[in-house]
Each structure stands twice: as structure tokens, then as C-alpha cells.
Amino acid sequence: MTDHATAYLDALPRERYEEVCANLRDEGSTFASTKLRIADPDLSRRQGYEIVEALSERLGVVSNCSKCHGSVARLRDGYGYGPLCDDCAARTAVWECPGCGSTIDGYVERAGDTCRSCEARPEWEALPQEVRDEIGAMVDAGRGVLSIYRLMELDGHTRRSIDYMRMVSYRMSLRDGLGRGWRLSVEL
Ligand SMILES: [Zn+2]
Ligand SMILES: [Zn+2]
């Protein structure tokens, strides 16, 4: 139990504390930490989980794994996305995409690989210039979702939807700068 987490819990008004306990008991650690962070946006994701973990220990509630939702999970060093069970901890890695610098939460076998958006770069670059211009203008105008449909249309629906999403996501990362593209869930 970390000191800041204990101090945070002790500083909560009684009523609020009871509410957090109920969230944890009834809905589990992910829900409880999400609720904490909605109420207090200054908390980082990791801090939210640390507070909930401290409370779990105090109440004798077992934390659920944030990946497989199985029980008996705990926070791991270097992993800020929630408690992990032993199995998931052994299979999970966090690294920076060498292409765009975004943080990837993925499987150890893929550690060091580029993100899915960056993988779409060659496909994007192989599109005709006029298609890239039109889609690029839509992305720059903040019409990213519509641009996915437009790209499907222009390309004749010849690929999977996810391929179009990745190409647009890659184009968004060019607009937003390094590591700040619209990050699709990594394991898509
Ligand atoms: Zn798990
Ligand atoms: Zn990337």
C-alpha cells in the first residue's frame, strides 16, 4: 500500500469514501478507479489504480485483471493500465512505437514493433495522390470518421474496414505530430 494512496483515502469525506467502497465491492477495481478519476481529473490512471488497490487491501476485496477480468490481479511496475493477473503480466509489454512514439500496450512477442497505424503507412502511401489529398483535407478539417467512409468509397470497398481505419489513423498522426495521432486500440 503506497503512502499517497492511503493518505488520499483518509482525506476523503466519509460519504464519498463509502461511495468508493461500494463502487469497488459492487463493480470491481476498473469501475471504481474510473469513477475516482471522473470525480478527480487530476489523478493519473496509475494513481487511480493505486488508490483502489490500497482500498482493496483494506477491505479484503480481490482485484480483477484489467485484461482478462479474471481474479487475483495486482498492479505491476511499469504498467499503468490497471491490475494484471500473473498470466497477463507475463504476456504483456508496454513500449514506444518506433514510427510515431505513441505508447503501445501489447503482447511481449510484439514488443518494439511499430503500432498498427504506422503499419498502414505503406498502404496509405500507395494510394493515388488525389485520394490522399481529398482524405487528408477531410482529416485536417476534423472530419476523420467521415473520411473513413469516403476512403472506402474512393477505394471501391476492396479492403477490410479496419484497414481503412488504420490508414486514416496514420494520416491523423501526421496531422497531430509525433505520438499524438488518434490512437486506435492497439490489438485491433
Ligand atoms: Zn489476466
Ligand atoms: Zn506508430
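In sequence, the donor residues of the zinc ion (ligand 1) follow the spacing C-x2-C-x16-C-x2-C. In this predicted model, local features need pLDDT of at least 70 and side-chain atom pairs count only at pLDDT 80 or more, whereas totals for chains, interfaces and linings use all residues. Residues are numbered from 1 along each chain as its sequence is written, chains are lettered from A and ligands numbered from 1 in the order in which they are written, and side-chain values use heavy atoms, with hydrogens and water left out.

The zinc ion (ligand 1) is held by the SG atoms of Cys65, Cys68, Cys85 and Cys88 at 2.3 to 2.4 Å. Donors here are N, O and S atoms within 2.8 Å of the metal (3.2 Å for Na, K and Ca); water is not among the atoms, so sites may look incomplete. The angles among the 4 donor atoms run from 103 to 116 degrees, and the site is tetrahedral (four donors with all angles between 85 and 135 degrees). Helices (H or I, at least four residues) and strands (E, at least two) are DSSP runs, numbered from the N terminus. Cys65 counts as buried because its relative accessibility is 1%, and Cys85 likewise counts as buried, at 11%. Buried means under 20% relative accessible area, exposed over 50%, and partly exposed in between (1.4 Å probe, protein chains only).

The loop between H4 and E1 also holds His69. The phi of His69 is near 65 degrees, a positive value in a residue other than glycine, and with 57% relative accessibility His69 counts as exposed.

Helix packing comes next. Two packed helices are described by the angle between their axes and the distance between the axes. Helix H2 (residues 14-27) packs with helix H3 (residues 29-39) at about 150 degrees, with the axes 7 Å apart; axes are lines fitted to C-alpha atoms, for helices over the stretch in contact, and angles run from 0 to 180 degrees between N-to-C directions. H2 is therefore roughly antiparallel to H3 (angles under 35 degrees count as roughly parallel, over 145 as roughly antiparallel, 65 to 115 as roughly perpendicular and the rest as oblique). Contact means heavy atoms within 4.5 Å, and the residues making it include Val20 and Leu24 of H2 with Phe31 and Leu36 of H3.

H2 also packs with H4, at an angle of about 85 degrees and with the axes 11 Å apart, which means that H2 is roughly perpendicular to H4. Val20 and Leu24 of H2 are among the residues of this contact, as are Val52 and Leu55 of H4.

Definitions and conventions
Tetrahedral: all angles 85-135°; square planar, octahedral: opposite > 155°, others 65-115°.
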